[in-house]
Amino acid sequence: MPSPNQAQKRLFDSLHLNMETGGLGGVFAKAGVGKTALLIHLAFFHIQRQKKVLHISLRDPQARVRNFYDELYAERSRLSEESEFISKQEVATHRLVYSSPGQNIDIEDVEQLLTSFGELIDFTPKILIIDGFQGELSPDSWKELAKRKSLAIWISISLQENVEESDLAAFDSAIELVPIGQKIEIHNLLPHQSSFSPIYLDPMTRRLLPQRQSPLNSPNSASILKPDQCTLYSGGAAGSETLFGEQAEKWGLKEVNFSFSGHVQRRMMGQKQLSLDDLAEGAVSLQYVSRKLNRSWEKTPLLKKVLQLLWHVVSNADQVFIIGTIQEDGTVHGGTGWSVELAKRWKKPLWVFDQDRESWFLWDGSDWVPNLPRIESNKIAGSGTRFLSDASKKAIEALFYRSFNY
């Protein structure tokens, strides 16, 4: 099976736009499917080849776009082969983010930006990304600009229905992102466009994967998920994490329990020490989740490191199971809420066992709904409160029994 980066290279090789004669590409999808993530992967692909990228966002503020780059960079670097590695310095010098949330942009606006950036900061891109375009597109005009400026222009457009073939005539390359179950499939929209092996976008980490590497195994699949094929990611703390670990050992799952210097860890099976650089990766989303939870951990360095550790727990997993208390605003009480918000943001399948209501709840993207979970992935995260109720202990034990007692 090809590696994630090989899959990515094959995709973007097939979507190549001629930068010397100019080319126009389109990424089509309904809102929230993953257009921005795909465009950022595309930017990394070109930055690794020493091409400059101007990313114009018409939806998100600049800080949010930069944070998204940082998150996907951390995930990409963790999985990169040496030949595909790019440094943060290369990203900084080869990428420029311009943001105008809620506004649209026309040819004249873009030409003015290109002139200003070239004259003021000597930044002349070869790839132009316009993310979140709305209104009348006039693709022929954008293609003419691409030719005149020797640019590869990629535009993302939100759809309410399928793309009509007549709308695509001016595009040199066009793809549609289509959610199918747990997958976000990438469909080629142009008959003359080079074909590529089936690839999809992981809805959890937003990285590109070969289609056969599904993030979740269907419970109805002919192949049964065996415990020794699974890994539990956790922090080994007292309470929920310790019991998740004990159940993993009982049923034969592998364990990775992250730790760091000075960390009080109850369970050390499969211990993995995180360096300061490793911990720093987990600081990427700290500001976002701090705002979301209306809490700040900047003045408590040890707790901040624990939260950075939890970033590694959640980012490595394809299913997330948390023990805690769901509050009226939909967040989860205490530091456990950090793991929950990360899982929500990365669109990972997420369940919380609410200790007050003594029931499992699934996050459906907008609300918590009652749902009894099963382990259906070979990479899971188990975390939560240190203070387990008897009902919570039974819930964790029943989760493993329900998943592996066949």
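Mentor: On one side of helix 5, Glu-108, Glu-119 and Leu-120 are exposed. The model is predicted.

Trainee: Which residues of helix 5 are buried, and what does that word require?

Mentor: They are Ile-107, Val-110, Leu-113, Leu-114 and Phe-117. The word requires under 20% relative accessible area, whereas exposed requires over 50%.

Trainee: What covers the buried residues of helix 5?

Mentor: The cover includes strand 2 (53–57), strand 3 (95–99), strand 4 (127–133) and helix 6 (139–149).

Trainee: How does the span of helix 5 compare with the expected one?

Mentor: Helix 5 (residues 107–121) has 15 residues, and its first and last C-alpha atoms are 21 Å apart. That is close to the 21 Å expected at 1.5 Å a residue.

Trainee: Why is Asp-106 called a cap of helix 5?

Mentor: A side-chain oxygen of Asp-106 lies 3.2 Å from the backbone nitrogen of Glu-108, at the N-terminal end of the helix. The cut-off for a polar contact is 3.5 Å, so the pair qualifies by distance. Just after helix 5, Asp-122 takes a positive phi of about 55 degrees.

Trainee: What makes the pair Glu-111 and Arg-148 a salt bridge?

Mentor: Their closest N and O atoms are 2.6 Å apart, and the limit is 4 Å, so the pair counts as a salt bridge. Glu-111 lies in helix 5 and Arg-148 in helix 6, so the pair ties together parts that are 37 residues apart in sequence.

Trainee: How do you know whether Glu-111 and Arg-148 are buried, partly exposed or exposed?

Mentor: Glu-111 has a relative accessible area of 23%, and Arg-148 has 42%. Both values fall between 20% and 50%, so both residues are partly exposed.

Trainee: Why do Arg-59 and Asp-60 receive the labels they do?

Mentor: Arg-59, at 44% relative accessibility, counts as partly exposed, whereas Asp-60, at 8%, counts as buried. The two form a salt bridge, with the closest N and O atoms 3.1 Å apart.

Trainee: How many salt bridges are counted by this rule?

Mentor: The count comes to 9. One of them joins Asp-172 and Lys-143, at 3.2 Å from N to O. Salt bridges that share partners also join Arg-59, Asp-60 and Arg-64 into one network.

Note on methods
Residues are numbered from 1 along each chain as its sequence is written. This is a predicted model: local features need pLDDT of at least 70, side-chain atom pairs count only at pLDDT 80 or more; totals for chains, interfaces and linings use all residues. Side-chain values use heavy atoms; hydrogens and water are left out. Helices (H or I, at least four residues) and strands (E, at least two) are DSSP runs, numbered from the N terminus. The expected span of a helix is 1.5 Å times one less than its number of residues. Buried means under 20% relative accessible area, exposed over 50%, partly exposed in between (1.4 Å probe, protein chains only). Contact means heavy atoms within 4.5 Å. A polar contact is a pair of N or O atoms within 3.5 Å; within protein, one must be able to donate a hydrogen and the other to accept it, and residues adjacent in sequence count only if both atoms are side-chain atoms. A salt bridge is a side-chain nitrogen of Lys or Arg within 4 Å of a carboxyl oxygen of Asp or Glu.
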